[in-house]
Amino acid sequence: MDFGAAMFFTDYSIAPAELGRALEARGFESMWAPEHSHIPLSRKTPFPSGGELPKQYYDAMDPFVTLTAAAAATRTIKLGTGVCLVIQRDTIQTAKLVASLDQVSGGRFLFGIGGGWNAEEMADHGTVFGTRFKKLREQVEAMKAIWTGPKPEYHGELVDFPPMMTWPKPVQRPHPPVIVGGAFPHSARRALRYGDGWIPNASRQHYADVTDFLPQFKEMASEMGRDVAEVPVTIWGATEDYDRLRRYQDQGIARVIVSLPPENVVKTLPALDRWAELIRRI
């Protein structure tokens, strides 16, 4: 089981290059960057975790910028979006960003994606909340065509473009893994339909234990004709609980992600040292 760490990179957090080097030195497999382009002041959509929206959601840097900075400063650690709000982005430009980051990192990019939860934020980008998951599927299908074809084209209901030529192509073949974030059962089904992995969030209130859904996920995979080994599970929001981490490992979880607060280097490194010790024990 691999270990990753995520942080909302801000102008007051540890720098992404510095965190990347620190994680790499302590045995972490991956570093993840979330995103929100902005937060509308209306705040009509409730925060999924309940309570007030944390400050870092307003302050987050662009994940492709921060991960590129980390790529230039590291050698082996994988770099993931956790998650990229594809439905708020241009499909063709995002495909180029993914391929470019995979190139400059030497094939270390993990494309974590999600449909998002903030309806007002999406609306500012012209995205309709009710059809966001149809748009997400079409965008992923279109980007796969761009990454793999010499003269790609795509014709969907919400995403449509004629034949084009666009490079670079990703280093990873056929493309970086598309890892779909979200809750069971709907996001699990999306991961099985067009993804290369599933990211459920252990901190969401509707889970007693996120792994309670693993038997149903495996059954769903069988019904959809997918080998569950081709869609590994990454658990988001892991805590410093040795027994639970060992249980995740015994259950075949591929990766766990710890969410680090956007603190400076002085506060961040001691937390990483504690996790490094846990990683060694496991």
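Which side chain makes a polar contact with the side chain of Glu-120? The views below come from a predicted model.

**View 1. Glu-120 and its surroundings.** The side chain of Thr-45 makes the polar contact with that of Glu-120, at 2.7 Å. Glu-120 sits in helix α5, residues 119–124. Glu-120 is buried but has no salt bridge. Its nearest side chain of opposite charge is Arg-43, 5.3 Å away. Beyond neighbours within four places in sequence, Glu-120 contacts Pro-40, Ser-42, Arg-43, Lys-44 and Thr-45.

**View 2. A salt-bridge network at Glu-29.** Salt bridges link Glu-29, Lys-78 and Arg-255 in a network. Glu-29 pairs with Lys-78, with the closest N and O atoms 3.8 Å apart. Glu-29 lies in the loop between α1 and β2 and Lys-78 in strand β3, so this pair ties together parts 49 residues apart in sequence. Glu-29 also pairs with Arg-255, with the closest N and O atoms 2.9 Å apart. Arg-255 belongs to strand β10, so this second pair ties together parts 226 residues apart in sequence. Glu-29 is buried at 12% relative accessible area. Arg-255 is buried at 10%, whereas Lys-78 is partly exposed at 35%.

**View 3. The Arg-247 and Asp-209 salt bridge.** The closest N and O atoms of this pair are 3.2 Å apart. Arg-247 is in helix α9 and Asp-209 in the loop between β8 and α8, 38 residues apart. Arg-247 is partly exposed at 33% relative accessibility; Asp-209 is buried at 10%.

**View 4. Helix α6, residues 132–148.** Of its 17 residues, 12 are buried, so α6 is largely enclosed by the rest of the structure. Among the buried residues are Leu-136, Val-140, Met-143, Ile-146 and Trp-147.

Methods. Residues numbered from 1 in each chain as written. Predicted model: local features only at pLDDT ≥ 70, side-chain atom pairs only at ≥ 80, totals over all residues. Heavy atoms only, no water. Helix = DSSP H or I, 4+ residues; strand = E, 2+ residues; numbered from the N terminus. Expected span 1.5 Å × (residues − 1). Buried < 20%, exposed > 50% of the residue type's maximum accessible area, 1.4 Å probe, protein only. Lys, Arg positive; Asp, Glu negative; His and termini not counted. Salt bridge = Lys/Arg side-chain N within 4 Å of Asp/Glu carboxyl O. Polar contact = N/O pair within 3.5 Å; in protein donor to acceptor, adjacent residues only side chain to side chain. Contact = heavy atoms within 4.5 Å.
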